[in-house]
Amino acid sequence: MTDLDQLTQSLARNLKRWRNERGFTLDTLAARAGVSRGMIIQIEQARTNPSVGTTVKLADALGVSITTLLDYEHGPRVTFVPPEQAVRMWSTEAGSYTTLLVGTEADGPLEMWGWRLMPGDESVSDPHPSGTVELIHVTAGELTLVLGGEAHTVPAGTSAAFEANTPHTYRNEGTAPVEMTMAVSVPPAR
């Protein structure tokens with residue numbers, strides 16, 4: 001079984017488990033996530049690998065982290081994620097990528113991400129549920145953070161925090177790669 005097959009199977013199993021645990025019908029989850037009922041059925045039957053955006057929408061709608069949706073087993077209270085087990089979630093041909101480093105469900109999902117954005121690349125995100133907060137720390141390059149259409153420059157060594165309930169974009173308008181660490185806190189589903 002390939003890593004992608006294992007990921008597909010874990011996502012199928014966990015999506016169905018969390019949907020049932022929340023008492024959501026397929027239609028309820030589809031409406032909450034803005035994802036088609038048919039797509040949810042395909043994911044739960046392990047017949048498709050959804051995009052990162054779709055996976056984020058489903059996790060947000062369920063009030064769980066992406067880590068929880070992709071996790072095979074719940075382990076001990078301390079979870080160690082060696083570099084080779086961190087999950088690459090998004091990448092471009094230019095070499096940009098995001099890596100989900102670790103996550104937890106304590107009082108709502110909390111995730112830590114490692115990012116690399118190559119010059120000219122960007123990652124666009126839909127709004128997350130109200131109360132979602134993102135924290136970033138740029139370690140190399142100069143990030144352009146676009147929130148609600150307003151661009152903010154975040155140079156290396158600088159950190160930022162913002163509510164992520166509005167469209168936002170991470171962009172590299174410079175000539176050097178941007179590297180950053182991001183933490184995302186999502187409120188529990190109600």
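This report describes a nonpolar core, a group of aromatic rings and a strand hairpin in a predicted model.

## Nonpolar core

The largest nonpolar core holds 40 residues. Leu 58, Leu 69, Leu 143 and Tyr 170 have the most contacts inside this core. Helix H4, which covers residues 52-62, contributes the most to the core, giving 5 residues.

Residues of this core come from both domain 1 (3-70) and domain 2 (83-185), so the core lies between the two domains.

## Aromatic rings

A pair of aromatic rings is described by the distance of the centres and the angle of the planes. The model has 2 aromatic pairs. In one of them, the ring centres of Trp 90 and Trp 115 are 6.0 Å apart. The planes of Trp 90 and Trp 115 stand at 45 degrees, so this pair is tilted. Trp 90 belongs to strand E1 (residues 87-91) and Trp 115 to strand E3 (residues 110-117). With 25 residues separating Trp 90 from Trp 115, the pair links distant parts of the chain.

Trp 115 also pairs with Tyr 170, with ring centres 4.7 Å apart. The planes of Trp 115 and Tyr 170 are at 55 degrees, so this pair is tilted. Tyr 170 sits in strand E9 (residues 168-171), while Trp 115 is in strand E3. Trp 115 and Tyr 170 are 55 residues apart, and their pair links distant parts of the chain. Through these ring pairs, Trp 90, Trp 115 and Tyr 170 form a cluster.

Buried means under 20% relative accessible area. Trp 115 has a relative accessible area of 8%, so Trp 115 is buried. Tyr 170 has 2% relative accessibility, so Tyr 170 is buried.

## A charge over a ring

Arg 88 lies over the face of Tyr 97. The distance from Arg 88 to the ring centre of Tyr 97 is 3.7 Å.

## Strand hairpin

Strand E6 (residues 142-147) and strand E7 (residues 150-155) run antiparallel and are joined by 6 bridges.

E6 and E7 form a hairpin, with 2 residues between the strands. In the turn, Gly 148 has a positive phi of about 55 degrees.

Key:
Residues are numbered from 1 along each chain as its sequence is written. This is a predicted model: local features need pLDDT of at least 70, side-chain atom pairs count only at pLDDT 80 or more; totals for chains, interfaces and linings use all residues. Side-chain values use heavy atoms; hydrogens and water are left out. Two strands pair if DSSP finds at least two bridges between them. Helices (H or I, at least four residues) and strands (E, at least two) are DSSP runs, numbered from the N terminus. A nonpolar core is a set of buried Ala, Val, Leu, Ile, Met, Phe, Trp, Tyr and Cys residues joined through side-chain atoms within 4.5 Å. Buried means under 20% relative accessible area, exposed over 50%, partly exposed in between (1.4 Å probe, protein chains only). Domain bounds come from an automatic or database domain assignment. Rings of Phe, Tyr and Trp (its six-membered ring) pair if their centres lie within 6.5 Å; planes under 30 degrees apart count as stacked, over 60 as edge-to-face and the rest as tilted. A charge sits over a ring if NZ of Lys or CZ of Arg is within 6 Å of the ring centre and within 35 degrees of the ring normal.
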